[in-house]
Amino acid sequence: MAQLHTTINGEPITAEVDPALSLAEFLREKMYLTGTKIGCGKGECGACTVILDGKAVTSCIIPVLRAEGACVETIEGLERGGRLHPLQEEFVNKGAVQCGFCTPGMIMSSKALLDANPAPSKAEIREALGGNVCRCTGYVNIEQAVEAAADRMRRGEG
Ligand code: FES
Ligand code: FES
């Protein structure tokens, strides 16, 4: 076992961890943050995407100790004071919540994008979501949701 000091959704955490765990396993099994999903477990589908020090990462292939001294953001951290994040609201408004398994990862990839680039082009949105695989519907509504959220965030929301 090893000691981990990290910050999750703004809260400093110290925990005894098995270094063999992935960050996704740690978040789900030890922190009970089950909004982060594990699909392929191989870094290929994006379901497990969280933000690690500002970058979207596939947490299923990140060893938990990579979070030492880092800031981790998960889907649970987006809501503020009982209000959903504009990305969450626009995913609902635009019909972009196509399945519960992929949506948290798609929203976290989108958040990392908008944090770094408040006015992304369609191509940049598509590129940011390139690692989030949807096999059910497609990306049109998702792109529209990200654009709508970006508009709102530029006007000071979220
Ligand atoms: S579960 Fe991590 S990329 Fe698929
Ligand atoms: S959104 Fe999950 S498979 Fe399409």
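Predicted model: local features only at pLDDT ≥ 70, side-chain atom pairs only at ≥ 80, totals over all residues.
On the side of domain 1 that touches domain 2, the element that gives the most is strand 3, which spans residues 49–52 and provides 3 residues.

The rule for salt bridges finds 1 across the interface of domain 1 and domain 2. A salt bridge joins the side chains of Lys111 and Glu73, with a distance of 2.8 Å from N to O.

## The two domains

The domain assignment divides the protein into domain 1, covering residues 2–77, and domain 2, covering residues 86–153. Where the two meet, the contact draws 16 residues from domain 1 and 13 residues from domain 2. The C-alpha centres of domain 1 and domain 2 are 21 Å apart.

## Area buried between them

The size of an interface is often expressed as the accessible area that is lost when the parts come together. Between domain 1 and domain 2 the buried area is about 1,100 Å², and carbon and sulfur atoms give 63% of this area. Within domain 1, the residues that lose the most area to domain 2 are Thr49, Ile51 and Ile75, which together account for 40% of what that side buries.

Key: Residues numbered from 1 in each chain as written. Chains lettered and ligands numbered in written order. Heavy atoms only, no water. Domains from an automatic or database assignment. Contact = heavy atoms within 4.5 Å. Buried area = accessible area lost by both parts, 1.4 Å probe. Salt bridge = Lys/Arg side-chain N within 4 Å of Asp/Glu carboxyl O. Helix = DSSP H or I, 4+ residues; strand = E, 2+ residues; numbered from the N terminus.
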